[in-house]
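Here is a guided look at a protein chain for anyone who likes to have the model open while reading. Please keep the viewer at hand and follow along.

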Amino acid sequence: MTVIKNICLDGRQVDILIEGNRFSRISPAGTLEAPESCEQVMDGSHLAITPAFYNTHTHAAMTLMRGYAEGHDLQDWLENYIWPYEDTLKPQDIRKGSEIAVREMVSSGSVFFNDMYFDIEETIAAVAAAGMRAAIGITVMDYHSPEVTAAKKSFIENWQDPTGGRIQLVMAPHAVYTVGPEKLKLAAEYARNHNMRIHIHAAENKAEHDNCIKDHGMSPVRYLDSLGVLGPDVVLAHCVWVDEAEWDLLAERGVTVAHCPCSNMKLGSGRMVYENAIKSGCRITLGTDGASSNDSLSIIGEMKAASLLAKSRGDAKLLSSEEVFRWATRNGAEAFGIDAGEIAEGRIADAILFNLDDAALQPCHNLTSNIVYSADSRAVSHVICDGGLIW
Ligand SMILES: [Zn+2]
């Protein structure tokens, strides 16, 4: 049980009681007495509380390739630099890379990431030790593994979450250019039979788009839909090369999009068409992608990049700080079935406590605007995940 006294929530001072993993009481400052059984009483007088960040697309252990192989477009980068480097990695490397990633994410306010990689036990151990959440992908990819192997099926069917509920397994067929149609269909079917979400890279750059048309007669989004893959349990990373009708289709199917603006810019993949994406009503969330193509894992930087990139074609109203903050927080929690994303009684207690004395947050005409456009991880004072203080 934790009490936070006199903290700023949406511009007013409140006292907050966290019992178990949920916010149980929020009342005006000075009105909440800490119960005798309370283990922790915090002074929140220089802090503001907001929902935490949910990083909906990354490859945690790729911190090992931060700063490596700059100046290549996606296919050249993957085939000639990243995949050969990955072939040299051992499980202990994956653990180290995941530990670096977890530390960077937690310290910048993320309590969750949606991961796609290999040697997943190592990443799971790093998540469990940090006290955060994750969706861990069972990666399916022709290059690394020719099928949804018996070993992977056995891992899924015998899976027991060592954190007691903070980690979920998801099915992660890598992309339309690395997984054949039969295997894509089988992976989706297997995921649905085992109540798992599905995580795929899709419509990331022009080469992927053009090759999909050449090989399958249609664009990646239409191709995935023709295979029956799209649905409300699907998270598509990127969606840069998506036309207006396809955005409407994604919204209609209930798909979640993990938008990764920094990675899309760094690899020269392009600009998601915010005008159509927002108009469609599709649920959009934010991901950093791996540190090898960003090179940061901070969602704060991603919010700023998205909002500025949206406005860059001459519409300053497009993608306000409030809206992009919702993409980074509540939309991400909802996409993964986590009853959080809002500081409210009864909700799961995932939160960031920002230090209002940090220079980047002063003066404070609008806290959300300051967080999106001015702050970095130095403004993050504490991070709460599932009711516990993890930073
Ligand atoms: Zn990716």
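## The chain as a whole

Please keep in mind that this is a predicted model. The chain contains 14 helices and 16 strands. Its radius of gyration is 21 Å, close to the 21 Å that the globule rule gives for 391 residues, so the chain is as compact as a globular protein of that length. Along the principal axes, the C-alpha atoms fill a box of roughly 65 × 50 × 40 Å.

The chain is divided into two parts: domain 1 covers 2–51 + 340–389, and domain 2 covers 57–335. If you colour the model by these ranges, you can see that domain 1 is written as two stretches of sequence, with the range of domain 2 lying between them. The centres of domain 1 and domain 2, taken over C-alpha atoms, are 29 Å apart.

Where the domains touch, 19 residues come from domain 1 and 22 residues from domain 2. On the side of domain 1 that touches domain 2, the elements giving two or more residues are α14 (367–373) and β15 (380–385). Helix α14 gives the most to that side, with five residues. Sorted by class, this side of domain 1 has 10 nonpolar, five polar and four charged residues.

## Helices α2 and α3

Now turn to helix α2 (residues 91–107) and helix α3 (residues 120–130), whose axes come within 8 Å and cross at roughly 35°. The crossing of α2 past α3 is right-handed.

To display this contact, select P91, I94, R95, S98, E99, V102 and V106 on α2, together with E122, T123, A125, A126, V127 and A130 on α3. The contact of α2 with α3 is made up of eight nonpolar, two polar and three charged residues.

## Helices α11 and α12

A second pair to look at is helix α11 (residues 299–311) with helix α12 (residues 321–328): their axes come within 10 Å and cross at roughly 135°. Because of that angle, α11 counts as oblique to α12. Helix α11 passes α12 in a right-handed crossing.

From α11, the contact uses I299, M303, A306 and S307, while α12 brings S321, V324, F325 and A328. What classes do the residues of this contact of α11 with α12 divide into? There are six nonpolar and two polar residues, and no charged ones.

## Backbone details to check

The peptide bond from N294 to D295 is cis, with omega near 5°. You will find D295 in the loop between β13 (283–286) and α11, the helix that passes α12 in the pair described above. Another cis peptide bond runs from Q362 to P363, with omega near -15°. Here P363 sits in the loop between β14 (351–355) and α14, and α14 is the helix that gives five residues to the side of domain 1 that touches domain 2.

D119 lies in the loop between β7 (110–117) and α3, and α3 is the helix whose axis crosses that of α2 at roughly 35°.

Technical notes. Residues numbered from 1 in each chain as written. Predicted model: local features only at pLDDT ≥ 70, side-chain atom pairs only at ≥ 80, totals over all residues. Axes fitted to C-alpha atoms, helices over the stretch in contact; angles between N-to-C directions. Helix = DSSP H or I, 4+ residues; strand = E, 2+ residues; numbered from the N terminus. Parallel < 35°, antiparallel > 145°, perpendicular 65-115°, else oblique. Left-handed = near helix turned anticlockwise from the far one by under 90°. Contact = placed C-beta atoms within 7 Å. Nonpolar A, V, L, I, M, F, W, Y, C, P; charged D, E, K, R; others polar. Domains from an automatic or database assignment. Rg over C-alpha atoms; globule rule 2.2 N^0.38 Å.
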